[in-house]
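Let's walk through this structure together, starting from a single residue and then stepping back to the whole chain.

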Amino acid sequence: MNKTSINDCVILPLTKIHNRAGNITVIDGKKHLLFDIKRVYYLYDIPGGEGRGGHAHKALFQLIIAASGAFDVLLDDGQNKKIVTLNRPDVGLMVVPGIWRELLEFSSGAICLVLASTVYFENDYIRKYEDYMNYKNLPV
Ligand code: TYD
């Protein structure tokens with residue numbers, strides 16, 4: 001998974017069931033995603049100016065959703081970078097393995113919902129950028 005690029009990370013419009021009393025968005029496992037959901041977690045109460053992430057994963061796929069509020073996801077494959085702003089609960093960003101990511105510019109009250117393809121496994125993380133560039137076989 002060290003050959004992936006930021007172009008493999010796609011923005012997925014999610015189904016929205018609307019009626020006069022509001023909306024429901026459903027993510028129906030493999031019907032909508034390229035992976036089985038093994039874990040769900042969410043980030044919240046993020047202090048102003050703080051960032052999260054700052055790591056890559058070797059095998060983990062994730063769908064990242066702004067369940068409330070907004071934030072930016074910086075995607076970096078060692079050669080190219082891009083920033084995706086998430087600000088709607090009916091849009092997800094699929095992040096494939098082998099991509100360095102940082103989560104930035106959280107709005108007040110933002111909730112970052114993450115659907116993940118594996119259970120938590122610390123050995124799947126690459127937490128130092130230098131190690132990440134080595135993993136990608138790129139010069140530091
Ligand atoms: P981390 O993934 O580094 O957070 P972020 O990318 O949002 O900055 O995780 C932060 C801490 O939480 C770290 O000590 C590991 C722990 N953690 C778990 O125990 N289980 C999990 O599923 C996750 C995502 C994190």
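Q62 counts as buried because its relative accessibility is 2%, where buried means under 20% relative accessible area with a 1.4 Å probe and protein chains only as cover. Bear in mind that this is a predicted model, in which local features need pLDDT of at least 70, side-chain atom pairs count only at pLDDT 80 or more, and totals for chains, interfaces and linings use all residues. Residues are numbered from 1 along each chain as its sequence is written, and side-chain values use heavy atoms, with hydrogens and water left out.

Now look at what surrounds this residue. Q62 sits in strand β6, which covers residues 62-68; strands here are DSSP runs of E with at least two residues, helices are runs of H or I with at least four, and both are numbered from the N terminus. The side chain of Q62 makes polar contacts with the side chains of Y41, at 2.9 Å, and R101, at 2.3 Å. Such a contact is a pair of N or O atoms within 3.5 Å, one able to donate a hydrogen and the other to accept it; residues adjacent in sequence count only if both atoms are side-chain atoms. Leaving aside residues up to four places away in sequence, Q62 also touches others, including F35, H57, L93 and V114, with contact meaning heavy atoms within 4.5 Å.

Stepping back, the protein chain contains two helices and 12 strands. From the N terminus, their order is β-β-β-α-β-β-β-β-β-β-β-β-β-α. Of its 140 residues, 39% count as buried.

How values were computed. Buried means under 20% relative accessible area, exposed over 50%, partly exposed in between (1.4 Å probe, protein chains only).
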